[in-house]
Amino acid sequence: MKSINRSTVLRYVIIGILLPLFVQYIIFFRYTGNYMLDVYSEKGFKNFYNNDVFRYRVLGKAFFLKLYSKMTDGSKIKKTKGSSIYDKRLTAMDAEADPAFYFTYFLVATLFTILTSFALLYLFDSVSLFEMTVLRKIFITTGIIFLTGFLEYVATPYDNLTYFFIVVFCLLFLKFLQTKRWLYFVLLNLTIILAALNHESALVNLSFMAAVYYSSYGFQSRWIRLTIVPVLLYLLTWIGLRLFIGHSEAGAVTGGLKLFRNLNILNIASFMGITFSIIVFYFLFKIAELSDNKKNVLNFLVMASPYIIMIPVIGLIVEARLWMPVIIGGIIISQLNLETFKHRRVEVSK
């Protein structure tokens with residue numbers, strides 16, 4: 001990584017802190033989403049997120065509620081009143097809406113967007129891994145920040161954590177490939193556990209790992225053995241959550257099947273969801289300028305196909321945020337210089 005200079009510090013401050021703060025402020029306090037209802041109070045939040053498949057996304061929920069509890073313990077934030085306009089826009093979405101609870105959504109989204117931005121900037125500054133101009137680093141990171149905010153019409157306590165975990169996982173995995181140090185391997189496995197506790201889309205992290213290995217070495221038993229541990233950790237976490245928490249109704253594990261609803265192009269929401277899906281594929285192949293990078297993106301999409309298939313089958317395709325893990329992973333691998341690894345043996349040093 002290049003030595004830190006004034007220009008680098010300025011880039012991290014403006015793109016890493018100020019831009020995410022500005023984007024999240026505009027999204028939460030200058031626009032009003034109308035997609036999510038009855039989740040802007042502690043009671044409504046628990047009624048919604050403690051049911052169906054949402055009950056298994058424990059990490060983001062726990063962090064969110066802990067932060068809200070800490071903020072309201074001193075009652076200082078509750079004394080801060082917004083204008084009557086802001087109060088009315090919240091009660092239109094949730095009759096029991098709590099401005100402090102809504103503010104917690106903003107804090108969580110801002111905090112993890114900043115952390116994701118820092119992780120991306122640091123990752124792209126790895127010269128041996130990414131041969132990118134400073135301008136390209138800025139535009140790609142900025143694009144992800146804006147897209148993150150744009151897709152937050154679905155208010156959740158876990159999406160921004162998901163984006164942070166995938167970037168951190170990619171960073172740790174690539175550092176592991178570079179240095180062959182066990183420490184990075186241990187940390188990336190810890191990351192996959194935390195990511196799986198947060199959201200099942202942690203599967204995309206494993207897809208990135210497999211795609212980089214396959215693009216660099218083809219099929220080899222060495223790297224396949226190295227993927228066994230993170231894959232098992234993901235599966236054990238996924239299964240353990242469902243066994244420990246349990247479910248009481250059909251569809252609770254997956255949220256129910258929605259394929260036919262999503263493929264109904266006569267439904268405007270489904271049509272727009274399909275439209276965005278097409279845009280994602282087009283964008284990922286276009287942002288990869290070299291033919292080798294396009295192959296890497298294709299390999300990533302193939303490896304991520306189990307998650308991609310789940311989007312229309314059990315998700316709501318209009319919730320375009322479901323594509324964000326694929327978009328982030330695809331962007332990273334589209335810019336990655338795999339020549340760094342292609343002529344190395346798959347081995348680990350102590």
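This is a predicted model: local features need pLDDT of at least 70, side-chain atom pairs count only at pLDDT 80 or more; totals for chains, interfaces and linings use all residues.
User: How do you know that the span of helix H10 agrees with its number of residues?

Analyst: H10 covers residues 221-245, which is 25 residues, and at 1.5 Å a residue these should span 36 Å. The end C-alpha atoms of H10 are 36 Å apart, so the two values agree. Gly246, with a positive phi near 75°, follows H10.

User: What makes Trp223 and Tyr234 count as buried residues of H10?

Analyst: Buried means under 20% relative accessible area, and the buried residues of H10 include Trp223, Tyr234 and Arg242. Their cover includes helices H3, H7, H8 and H9.

User: Why are H5 and H7 called roughly parallel?

Analyst: The axes of H5 and H7 cross at roughly 20° and come within 8 Å. Angles under 35 degrees count as roughly parallel, and H5 and H7 are therefore given that description. Their crossing is left-handed. Residues meeting there include Phe112 and Leu120 in H5, and Phe164 and Leu171 in H7.

User: What makes the packing of H13 and H15 roughly antiparallel?

Analyst: H13 and H15 pack at an angle of about 150°, with their axes 8 Å apart. Since angles over 145 degrees count as roughly antiparallel, H13 is roughly antiparallel to H15. This crossing is right-handed. Among the residues that meet are Phe300 in H13 and Ile333 in H15.

Methods: Residues are numbered from 1 along each chain as its sequence is written. Side-chain values use heavy atoms; hydrogens and water are left out. Helices (H or I, at least four residues) and strands (E, at least two) are DSSP runs, numbered from the N terminus. The expected span of a helix is 1.5 Å times one less than its number of residues. Buried means under 20% relative accessible area, exposed over 50%, partly exposed in between (1.4 Å probe, protein chains only). Contact means heavy atoms within 4.5 Å. Axes are lines fitted to C-alpha atoms, for helices over the stretch in contact, and angles run from 0 to 180 degrees between N-to-C directions. Angles under 35 degrees count as roughly parallel, over 145 as roughly antiparallel, 65 to 115 as roughly perpendicular and the rest as oblique. A crossing is left-handed if the near helix is turned anticlockwise from the far one by less than a right angle, and right-handed if clockwise.
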